[in-house]
Amino acid sequence: MDDFEKLEQNAYIYLLFTNICALVPGILIWIYGSSKGISPKTTFAVAIICIVVSFIITTRVASGFILRPLQMLWQAIVHVSSDTTNLPPPNIDSLRLGRTLILSLANRVYQLSGQHTNTEIDHGNISQQASDIVKLFPQPIFAFDKDQNITNVSTSTYSYLNLPEGSLIGAKLFDKLNLEFSTDNTLEQWITDCQDNKVAGQALWQRVRVKLADDQPTKQCDIVACYNRDNTNGNEFIISLYDNSEEYNKDDQALSFVALAVHELRTPLTMLRGYVEVFEEELEGKLNPELTGYLHKLRLATDQLTAFVANVLNVVRVDENQLSFKLSERDWKTTLTNGSASMLARAQILGKTITFNIAENLPSVAVDPVSISEVVNNLLDNAIKYSGASKDIVITSTLNQEGFVETTVQDSGVGIPENVVPNLFEKFYRNHRTRHQFGGTGLGLYLSKAIVNAHGGNIWVKSKAGEGSQFSFTLLPYASLAEELKNSDNDGITRHAHGWIKNHSMFRR
Amino acid sequence: MNEDQTSLPATPKRVLCVEDEHFINELYARALTKAGYQTTVVTDGEQALQEILSDEYDIVLLDIMLPSLIGTEVLKRIRADKPDLKAKIIITTNLELSEENRAAIEAQADGYVVKADLTPRQMAEFLAQLNV
């Protein structure tokens, strides 16, 4: 019982410490008395009284502290037994002393409480029956222990993953099961979180891609997982996969249909841009100011359409993990101003002022200039759209305390209500109250997040309804990627929207 | 990058534009001629194959979706039949290709451009960077 020995040892150290503490006032009084020439008898008497009093106090405190694990266990037992009052379950997380031991013991109490009425049941037999039942389940089920060794699976798991029967037992879970999550909160993370902080837990993921060997099509499922610390038969974790490939693939095809439709737009768009360019070249200076203005607006409208088409296609690429970036060394001031030229022209026509406030001596950054310009343009586009009556939009770039180049786009417009802020970076999300008032696809921020994350940075928003919004993102200085550059081809680092996020969590805030 | 005709060498570089969309051909021919290139236009794959094999061009702009023979097939045959081709072949397309397909094409071509990403003038500027 390692945990018990630990508790014993800690309790011993604690008691020793409090005892020493109790002696201190007495010793101090003794020293004080001797130095002032007070009679030794009086000093001794006062010191003894002092020591006794502090012993009473420290022992009281220490016993409370040392007995807290027992109190938690008692609470757990009272909580599960049927004749209780309304006592709450123990808050074991708050425990300092013997936390692991009590977590484990409390869990056993909870497990046993389900069986206590029928003491005649043979526990070994139950285990066997449970294991047999798991095998019969129609969907793939994995049970595994604390080291992620698979202890049991349903028979259907083999056919689902197209693996020979028997090949899963004893294997490491993630060697056999290749999952791709659309969020950062993966099964692996949840497992770690459970083992560090929980006695029991459940979790659900939707739209998880299950990658199969070779050229077999990827499946998509929902996954349900549950955790029981120190489960008696060793199955700490059980996860089941609910295949939803058919439904989810339909959604994906709908997305691919968007991709198809969008690229059909590209050909007329190419022509439109071409002819606008011809007009600009041939007619510049020959038209009256009114017509020049119209031509200018025609150009901006085609630019806007081009950006929209690029946005939609990039979202499809992000979702299919096909969006790749080539990071190279760039001067941020130049990249930022060049990349936002078209948006500046648009702002001007709409009567908005964009002010650049870029710190001098910023380090060069590692960016894919085209993609990062999309981020800047999406943020500026939002700022213009939602700036309301206010005119000023400010772009600020500084080197922040963590050594990232931090860029903020700030408007003083309508702002964002607090309750919708967490959803802003989701696909197709737009505030329902402003949806009819403003155009847009609800893809810009989703895409911007994917791009910034793939660059190793982060993006966030500060906003207050009625007071404007402040969108910020960070970029890595090029120097911090030097190590990685050594191992790449010499024209930059190629990264994908998902892959890079996963492997470089250390760069994230 | 290199719009100024005076900065180009005396003999104009020859560009073969393989593209079945009339409007795009018109625009490319105009922009490339203006940038000092001598431009020839063909509109189907078989014809393109013959023209490219004649090896009289410095640059070939090759669309993928073409009548009679698709661009990727044209490219494949040329690389097989004429490994020492002088011309640089740039794939120009508006297709949305999967990464694998794109990588396969890029391995055989000298460049790859999404037409919608560049205006005709920008296309001419892009070709100037090829240093042919």
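Where is the place of Lys115(B) in chain B? Lys115(B) sits in the loop between strand E5 (111–114) and helix H5 (120–128) of chain B. This is a predicted model, in which local features need pLDDT of at least 70 and side-chain atom pairs count only at pLDDT 80 or more, while totals for chains, interfaces and linings use all residues. Residues are numbered from 1 along each chain as its sequence is written, chains are lettered from A in the order in which they are written, and side-chain values use heavy atoms, without hydrogens and water.

**View 1. Surroundings of Lys115(B).** Lys115(B) is buried, at a relative accessible area of 3% (buried: under 20% relative accessible area, 1.4 Å probe, protein chains only). Its side chain makes a polar contact of 2.7 Å with that of Glu19(B) (a pair of N or O atoms within 3.5 Å, one able to donate a hydrogen and the other to accept it; residues adjacent in sequence count only if both atoms are side-chain atoms). Among the residues that Lys115(B) touches are Thr270(A), Asp63(B) and Tyr28(B) (heavy atoms within 4.5 Å).

**View 2. A salt bridge between Glu281(A) and Arg121(B).** The two side chains meet at 3.2 Å, N to O (a salt bridge is a side-chain nitrogen of Lys or Arg within 4 Å of a carboxyl oxygen of Asp or Glu). Across the interface of chain B and chain A there are 5 salt bridges by this rule.

**View 3. Helix H13 (residues 444–454) of chain A.** Of its 11 residues, 10 are buried, so the helix is largely enclosed by the rest of the structure. The buried residues include Tyr446(A), Ile451(A) and Asn453(A). Gly456(A), with a positive phi near 90°, follows H13(A) (helices are DSSP runs of H or I, at least four residues, and strands runs of E, at least two, numbered from the N terminus).

Definitions and conventions
Buried < 20%, exposed > 50% of the residue type's maximum accessible area, 1.4 Å probe, protein only. Lists of a residue's contacts leave out its neighbours within four places in sequence.
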